[in-house]
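Good morning. Please have the picture in view.

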Amino acid sequence: MSTYKLLWVDDEIELLKAHILFLQKKGYEVDTVTNGFDALEQCAQIPYDLVLLDENMPGISGLETLARIKEMRPAIPVVMVTKSEEENIMDQAIGSKIADYLIKPVNPTQILLTLKKNIHQKEIVTEVSQSGYQQDFGKIGMQMDDARTFADWVEVYKRLTYWEQELTAADSQMTEMLTMQKNEANQGFGKFIRKNYMNWIEGSDTRPLMSPDIFKSRVFPALNNGEKVFLLVIDNFRFDQWRMLSGEIADQFNIEEDLYCSILPTATQYARNSIFSGLMPNIIAQMFPELWVDEDSEEGKNLNEAPLIKTQFDRYRRRNTFTYHKINDSVSAEKLVQQLPSLAGYDLNVVVLNFIDMLSHARTESRMVRELANNEAAYRSITLSWFRHSAVKDLFRALAASDYTIILTTDHGSIRCNTPIKVVGDRNTNTNLRYKLGKNLSYNTKEVFEIRDPLKAQLPAPNLSTAYIFAQGDSFFAYPNNYNYYVSYYKNTFQHGGISMEEMLIPLITLHPKKR
């Protein structure tokens, strides 16, 4: 292993000989200079791993030396080591992106800690993360074996999501092992859903919070308390994506995090319409046929969301005022931010954000987007990049200065599909890759969750013999015709509609502005 090179810049370098000797014994190569000019000359010639820099020196000051080093070699971490405790010096140094700030007299342990933080952090984090996951691997396995309730599976999923993000951040090779454990968990979760889903829909006492319950359980109680509510529904938004975004807004909001269960199919037409109406899909179709769009219709499946919200308000005899907005691009997001003052007069503002769903579809259809989001980590990263550089961040900033209670949720998540399952259907069969409904479906019953009587699952049945089938885990439906082309085109794409933790265990977040 190559030796790490340090440069220590201090006009009293003779007094630091003991520290330098300590670092040399630890395996570091330390060059020393007594002024800023010599420091710049050294940095021009040698790509140091870290610079220790005194602030108060003759000639050019430490702050000026820092600025010029950063200009020359922006990636070198610079640690300010100084007697000065003046706050404005600290602020200027931090503003110039120093890696650390140490007040003299420093001891060897402090110096070693800053080196570990700024030179060795990645390898230490990788080692600790890998060791932590290895120790937790068996516990998670036992958790999966013992999972009997919805809350148990939520805990399993949270734990796996935590390690997925830790191992990704640590650039660990163990992500493959985690992927295998996650696949195993999804198999167990699939069995759990097959065993319990119909009981939940038929009114079991153990039923978790589900799509039609969101207004009744979260929105209406807040309105009853006299709170102004902003309901943000990010289409196709997974829990791991929420965890990435939460870090961006944690300093602005107090966060209450929960997960709820999407109904089946985990698709916008069913799940989001169920949220807004407070009803299961077949009841929407029966009570409001003009607001329900059949699978084989060319009409958009989510054009009636504002009228569906109105039906729920009417059913509960609520007199609250509300607005509804659908945001498909940055221009409409910017317009919404500008409209915020005029929206303050309404009790509830509902906003649907479509970017992530658009990303998911673009990733399937565009080779370039597929390259950019070629795995789970990249998919999360693009979500984060979108948030940071879109008007949606401005929306959150504006809401953080408001008196709103913000409820942030989604209709369903998505899963990266890799395992094709053959299914045969007639020309009226729907095109979704994770669920199918039709009257002449042919499939292997062991590979799917089938619902032979849709009305019992509170799903519309266009024909008497209509059945629904759902893909589980990372599988997707493929037709025998053109099978190889179909599989190669859709393999490794993000899809939704079926049964997996990623699609069904979805974020339900309440945010209260900190207003510092």
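**The sheet and what lies around it**

Six strands make up an open sheet with mixed pairing, in the order 7-18-10-6-9-8. Strands here are DSSP runs of E with at least two residues, helices are runs of H or I with at least four, and both are numbered from the N terminus. Two strands count as paired if DSSP finds at least two bridges between them. At the edges stand strand 7 (253–261) and strand 8 (322–327), each with a single partner strand, so one side of each has no neighbour in the sheet.

Before going on, the source. This is a predicted model, in which local features need pLDDT of at least 70 and side-chain atom pairs count only at pLDDT 80 or more, while totals for chains, interfaces and linings use all residues. Residues are numbered from 1 along each chain as its sequence is written, and side-chain values use heavy atoms, with hydrogens and water left out.

Strand 7 is joined to strand 18 (residues 505–513) by nine bridges, and the two run antiparallel. Phe253 has Pro513 as its bridge partner in strand 18.

Now strand 6. Which strands does strand 6 run parallel to? One is strand 9 (residues 348–353), joined to strand 6 by six bridges; another is strand 10 (residues 405–409), with five bridges. Leu231 stands opposite Val350 in strand 9 and opposite Ile407 in strand 10.

Is strand 6 buried or exposed? Six of the six residues of strand 6 (residues 229–234) are buried, so the rest of the structure largely encloses this strand. Buried means under 20% relative accessible area, exposed over 50%, and partly exposed in between, with a 1.4 Å probe and protein chains only. Val229, Leu231 and Val233 point one way, Phe230, Leu232 and Ile234 the other way, and all are buried.

Last, the cysteines. How many disulfides does a search of the whole structure find? The search finds zero disulfides, a disulfide being a pair of cysteine sulfur atoms within 2.5 Å. Cys417 counts as buried because its relative accessibility is 0%.
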